[in-house]
Every structure is written in C-alpha cells, then in structure tokens.
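Hello,

Here is the structure I promised to pass on to you. Please have a look at it first, and then read my notes below.

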Amino acid sequence: AEISRLILSYSGVKFTDERLTPEQFGAIKSSLPYNQIPILNYKGQIMCQSLSIARFLAAEFGLAGKNNMESAQADEIVDAVGDLQKAISKVVFGKDEKGIQNVLDNVYPAGLANLEKMLVSRGGQYFVGNNLTWADLVVFQFTNDGMGGKPPKDLTAYPRISNLCQRVGQVPNIKNWMEARPVTAM
C-alpha cells in the first residue's frame with residue numbers, strides 16, 4: 001500500500017492512513033473483500049488489491065502517463081519492479097537466508113540493470129515521457145524500502161536510477177511523507 005500513499009502524498013491529497021495490528025486485522029478479515037488488505041474507500045466506493053488501487057490513483061491524479069502508450073510503459077516498469085518484489089518475497093517469508101542473499105546479490109542487480117537500460121533508452125530523466133509517473137514512484141519506493149525490509153544494497157552501478165530517486169526524494173510532498181510516515185513491517 002506504500003505506493004498508494006506516495007501517490008496520494010505527491011498529489012497533495014489528504015487521506016487517512018489506517019494501519020492495523022495483526023489482531024485488528026484478524027478481527028475484521030472475514031468482513032473484507034478477498035479477506036485481505038489494503039482497501040481504499042474513495043468517494044464512497046471500495047476498491048481492493050494494492051496495484052489496482054495504485055493504478056487507479058495514478059490515473060486519477062495524473063501520474064499514469066499522458067496517453068495509452070505512456071500508461072502501458074508505466075505499467076511495464078511497475079511490473080518489472082513487481083518481479084523483483086516477488087523474488088524477495090518468496091525467500092524472505094520462507095526464511096531462506098541463502099535465497100535472500102541470492103536475490104540481493106544477483107536478482108536485484110540484474111533487474112536494476114535492466115531498469116537502468118530502460119531509463120536511459122527513454123531519455124534518462126523519467127521512465128515514461130518527460131514527466132514523473134507512478135513508475136518513478138514505484139522505483140523510488142523499491143530502492144528505499146525494498147520488499148520484506150530488503151532494499152537493494154547499493155545504487156552506484158545505476159547512476160540514472162540513483163539520480164531519479166534522489167530527485168523524487170526531494171519533491172516536497174514526497175520528502176515530507178518519507179520523513180513523517182509511520183514505520184511498519186509491510
């Protein structure tokens with residue numbers, strides 16, 4: 001749900017960030033669509049699934065690209081980062097220490113190298129067009145937080161991604177959110 005919080009923060013939208021303890025979640029789980037969180041209540045409509053929520057918010061607040069091609073390019077980057085997140089999730093939640101090390105040492109660097117190439121091929125400033133999109137926010141969030149508390153070790157080999165993330169991190173609304181956000185496991 002962090003990417004949705006970043007989109008809302010960037011957009012200057014006031015929102016209620018309700019985080020649940022495991023006990024609170026257990027008490028309401030059966031009443032939730034799909035028995036899981038996050039959920040978004042937007043203007044009285046309930047929406048579920050992390051990426052569906054984020055994709056909707058990106059479109060709603062002008063961060064999904066200017067046309068269908070740009071929207072697809074943003075989704076492409078988000079999906080590529082999602083692949084990296086899935087790789088670490090499998091081993092972190094399985095408590096596979098060798099697997100974790102493999103992802104950090106091999107899978108993340110290979111994925112980041114591919115993302116770096118894509119960023120360069122698209123002008124080197126943003127992943128889509130010449131403006132910030134939710135794809136840039138997803139990469140920023142991934143390089144800061146990783147998944148399961150395992151961010152990439154070092155961005156030195158990816159100077160364009162490093163530069164992008166530094167610029168995103170200095171956007172006032174993003175900077176304020178990152179400094180004020182609660183720290184939670186997920």
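Let me start with a helix pair: helix 5 (residues 97–121) and helix 7 pack at an angle of about 75 degrees, their axes lying 8 Å apart. Axes here are lines fitted to C-alpha atoms, for helices over the stretch in contact, and angles run from 0 to 180 degrees between N-to-C directions. That angle makes helix 5 roughly perpendicular to helix 7 (angles under 35 degrees count as roughly parallel, over 145 as roughly antiparallel, 65 to 115 as roughly perpendicular and the rest as oblique). On the helix 5 side the contact is made by L112, L115, E116, L119 and V120, and on the helix 7 side by P159, R160, I161 and L164; contact means heavy atoms within 4.5 Å. Sorted by class, this contact has seven nonpolar, no polar and two charged residues (Ala, Val, Leu, Ile, Met, Phe, Trp, Tyr, Cys and Pro count as nonpolar, Asp, Glu, Lys and Arg as charged, and the others, Gly among them, as polar).

Some ground rules before going on. This is a predicted model, in which local features need pLDDT of at least 70 and side-chain atom pairs count only at pLDDT 80 or more, while totals for chains, interfaces and linings use all residues. Residues are numbered from 1 along each chain as its sequence is written, and side-chain values use heavy atoms, with hydrogens and water left out. Helices (H or I, at least four residues) and strands (E, at least two) are DSSP runs, numbered from the N terminus.

Helix 7 (residues 159–170) also packs against helix 8 (residues 172–180), at an angle of about 85 degrees and with the axes 5 Å apart. Helix 7 and helix 8 are therefore roughly perpendicular to each other as well. V168, G169 and Q170 of helix 7 make this contact with P172, I174 and K175 of helix 8. By class, the contact has three nonpolar, two polar and one charged residues.

As for I3, leaving aside its neighbours within four places in sequence, I3 is in contact with A54, W134, L137 and V138.

Now the aromatic rings. A search of the whole structure finds four aromatic pairs (rings of Phe, Tyr and Trp, its six-membered ring, pair if their centres lie within 6.5 Å; planes under 30 degrees apart count as stacked, over 60 as edge-to-face and the rest as tilted). Y42 and F61 have ring centres 6.4 Å apart and planes at 85 degrees, so the pair is edge-to-face. This pair links distant parts of the chain, with Y42 in strand 1 and F61 in the loop between helix 3 and helix 4, 19 residues apart. Y42 counts as buried at 18% relative accessibility, and F61 counts as partly exposed at 26%. For Y108 and F142, the ring centres are 4.9 Å apart and the planes at 75 degrees, so that pair is edge-to-face. Y108 sits in helix 5 and F142 in helix 6, 34 residues apart; Y108 is buried, and so is F142. Ring pairs also link Y42, F56 and F61 into a cluster.

A few backbone details may interest you too. The peptide bond from I37 to P38 is cis, with omega near 10 degrees, and P38 lies in the loop between helix 2 (22–28) and strand 1. K43, in the loop between strand 1 and strand 2 (45–48), has phi near 55 degrees, a positive value in a residue other than glycine. K43 counts as exposed, at 70% relative accessibility. K95, in the loop between helix 4 and helix 5, has phi near 55 degrees, and K95 is exposed with a relative accessible area of 69%.

Best wishes

Notes. Buried means under 20% relative accessible area, exposed over 50%, partly exposed in between (1.4 Å probe, protein chains only).
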